Amino acid sequence: MSWVLLAEQLLNGFTLGLILFLLCAGLTLVFGIMDLVNLAHGSLYMMGAYFCATFTAMTGSFLYAVPLALAATFVLGLIVEVIVLRNLYTRDHLDQVMATFGLILIFNEGVRQIWGADGEVIPLPAFLDSNFELVFGIVYPTYRLLIICVGLLVALGLYVLVTHTRVGMLIRGGASNREMLSALGINVKQLFTLIFGLGAALAGLAGLMAGPIEQATIGMGERILILAFVVIVIGGIGSIRGSFIAAILVGVIDTMGRSFLEDFLSLVMPANYAETAGPALSSMSIYIVMAAVLAIRPQGLFPPRTG
Amino acid sequence: MEIRCDSMMGDDSYRDNVVSRRSGAIEPSQGGINMKTRAIALVSAMALLSSPAWAAEDTVKIGFVTTITTPAGVIGKDMVDAVNIAVDHLGGKMGDKSIELIVEDDQFKPDIGKQATEKLIKEDDVDFVTGYIWSHVLLASAKPVIDSGKFLISSNAGPSQLAGKQCDENFFSTSWQNDQTPMAMGEVLNQRGVKSLYVIAPNYAAGKNMVSGVERTFKGEIAGKDMTKWPDQIDFSAELAKARASNADGIFIFFPGKHGGAFIKQYQQAGLDKEIPLYTVFTVDSLSLPKFQEGNLEGVLGSFTTSYWSPDLDTPQNKKFVNDFKAKHGRYPSHYAAQSYDTIMLIDSAVRAVDGDTNNIGGLRAAMEKADYPSLRGKYAYGNNHFPIQNFYLREVVKDDSGDWTSKIVSTVYKDHQDVYAVECKLD
């Protein structure tokens, strides 16, 4: 194992972690503040990627498509909240799971009707679709560096928004005591719609950032949504700080497990066993971490300070 | 073709509708459920209930299990399109029996594939169960078919188990055994002087066969190997970084469907296309090439793959098939399509050999063992395990006359090659 490889794998872990964070930030806000289990969050992730593919084809550039796709997922989020989810806040979690699972089916079938089953390619501009040498011979794809930068900027932006602005104060207020907030004359309904729109846009951002690496495909959201739930359980439900740290942790553990677990195992067991056990264990690794967190600290590593 | 009420459709999508009619499956080329089709499906389903004997006498019932939903549905669509062309070429009839086709969706999942298979056996009582893209789906579905005494014909998957110890007299393949194509690639790598190889493949039945295949013939050193989580993992950055660090002479991959597209894109984004050449099996095909072209992945042009078939393979029936397919669908057929076409033609040869007596299982089997039909790949023989003994070619990705990306045959790697598991099969 060389240091260059280790550094490269750390960067890969960060990339995955930051995409997960973008998805989790919205999910944890909605889950933690509005107490809504939204399985359709992954669908918004998928829609971000599909919107981006369409706008890229229309405008001819990924860079123009990004703000358009963000705006589109934001609006879509508002629509979904007003039509469907608003009616679910007071229902129990099972109803919410049922309804939002239905939304997944509707979104998947809708995408199939509009875009077809075979997925959409999102072409990148040439300067992003390349790679460059960072330091000490670490060659890294430009686009993945962009993901890291965007993820960190969004994290910073959310931190400032939540802790240093009036909107953030209202969000925190809504989380601690919904009734008191509305008694003080704040339109909580409107606030929740706005938060949901923000979460949707973040999910859309995650999807459109992931799109050029894979492809916009049906079901891309469900695959990553499971990881996202793992992240918010580890991080503490409702905590943006927790989901940031947990997302990076999950990204790095998952990548490192895939990269090095087999080599480590082969030190303690015959190579052919390690070859079988390595991939199996590495795909379990983050769930093992989640189980450990649930056993030792069920509220998550960084639960929100409320109450 | 067994047709009822079909004249009501009156549009050129009628074949597709016929295919999806009984199963209620959603036909991808139609972009979804056609309500009229649904209504007709109900009517004809009722007609069947009221007169099952009538249907059984006049038709050859073929069940076709493939992936219709999920992004892998693109593969299933290619297969169903090819089956429809085969039915067209046969004029809708096998001898004097009409063809009744029932398409089922496995949703890319072994459990769903098995359920669909059991439905075809018990509820539809088909004569032939065919299709199957995925080895893990086929392995889960094989037992119910074999226990029922019906014929099972794989149009793609070729897991080692069914070629070896679990072979059965009623199982046939119109494709290949999984190990064969990568074995041919291993020979190509030796010829090209590749000394060390980094291997990346998904961690499921077919992926394991592909890896053991290339390892069997490749004489150089395996510099590293990664088995990725299937089908969940689509980001290969960790594997690509390891491949780069290994300084291997070549990277061998097997990633069917959209995973291949994602892999090659990331391979190019990482700049590895300038460092380590890529050798693929079942990754660069007629389904992925248009996507590569759309995404400007020029690195794919000139890359090599091995296969038993190619769109430019020079047999009269292949030319006719490729031309008709392109005329109807505006794209090249894939090997999945070619094998599915062959499946229908193999059944046709057997049904005609027994004069339409589909209860004559022994006669049908003996006829199929002869492989006496115009296969797109040309004449081949069946081994004792009912896998084809056939040629394998080296293919290169090129631009055709109209600028579309396709592949052409460069050389023959194996002549009349038989899979290695045939010796473990008890049949003779």
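Colleague: In which strand of chain B does Asp416(B) lie?

Modeller: Asp416(B) lies in strand β14 of chain B, residues 405–417. Helices (H or I, at least four residues) and strands (E, at least two) are DSSP runs, numbered from the N terminus. This is a predicted model, in which local features need pLDDT of at least 70 and side-chain atom pairs count only at pLDDT 80 or more, while totals for chains, interfaces and linings use all residues. Residues are numbered from 1 along each chain as its sequence is written, and chains are lettered from A and ligands numbered from 1 in the order in which they are written.

Colleague: Is Asp416(B) buried or exposed?

Modeller: A residue is buried if 20 or more other C-beta atoms lie within 10 Å of its own, exposed if 12 or fewer, and partly exposed in between, with C-beta atoms placed from the backbone. Asp416(B) has 11 other C-beta atoms within 10 Å and is therefore exposed. Its phi is positive, about 45°, although Asp416(B) is not a glycine.

Colleague: Which phi value does Asp355(B) have, and where is this residue found?

Modeller: Phi of Asp355(B) is near 55°, again a positive value in a residue other than glycine. Asp355(B) is found in the loop between α14 and α15 of chain B. Asp355(B) counts as exposed because it has 11 C-beta neighbours inside 10 Å.

Colleague: How does one describe the packing of two helices?

Modeller: Two packed helices are described by the angle between their axes and the distance between the axes. Axes are lines fitted to C-alpha atoms, for helices over the stretch in contact, and angles run from 0 to 180 degrees between N-to-C directions. In chain B, the axes of helix α14 (residues 335–353) and helix α15 (residues 361–369) come within 8 Å and cross at roughly 130°. That makes α14(B) oblique to α15(B); angles under 35 degrees count as roughly parallel, over 145 as roughly antiparallel, 65 to 115 as roughly perpendicular and the rest as oblique.

Colleague: Which residues of α14(B) and α15(B) meet?

Modeller: Two residues are in contact if their C-beta atoms, placed from the backbone, lie within 7 Å. Leu346(B), Ser349(B), Ala350(B) and Ala353(B) of α14(B) meet Gly363(B), Leu364(B), Ala367(B) and Met368(B) of α15(B). By class, this contact has 6 nonpolar, 2 polar and no charged residues. Here Ala, Val, Leu, Ile, Met, Phe, Trp, Tyr, Cys and Pro count as nonpolar, Asp, Glu, Lys and Arg as charged, and the others, Gly among them, as polar.

Colleague: At what angle do helices α2 and α8 of chain A pack?

Modeller: Helix α2 (residues 41–59) and helix α8 (residues 188–210) of chain A pack at an angle of about 55°, with their axes 7 Å apart. α2(A) and α8(A) are therefore oblique to each other. The contact involves, among others, Leu44(A) and Phe51(A) of α2(A), and Ala203(A) and Leu208(A) of α8(A). Its residues comprise 13 nonpolar, 4 polar and no charged ones.

Colleague: What is the overall make-up of chain B?

Modeller: The secondary structure of chain B comes to 15 helices and 14 strands. Of its 428 residues, 58% count as buried. The domain assignment, which is automatic or taken from a database, gives domain 1 (6–176 + 315–389) and domain 2 (180–307) for chain B. Their contact takes 18 residues from domain 1 and 14 residues from domain 2.

Colleague: How many residues does each chain give to the contact between chains A and B?

Modeller: That contact takes 29 residues from chain B and 34 residues from chain A. On the side of chain B, the elements that give two or more residues are α4, α10 (237–246), α11 (258–269) and α12 (289–294). The residues on this side divide into 10 nonpolar, 12 polar and 7 charged.

Colleague: With which residues is Met227(B) in contact?

Modeller: Leaving aside its neighbours within four places in sequence, Met227(B) is in contact with Pro279(A), Ala201(B), Pro202(B), Asn203(B) and Gly207(B). Met227(B) lies in strand β8 (residues 221–228) of chain B, and it counts as buried because it has 24 C-beta neighbours inside 10 Å.
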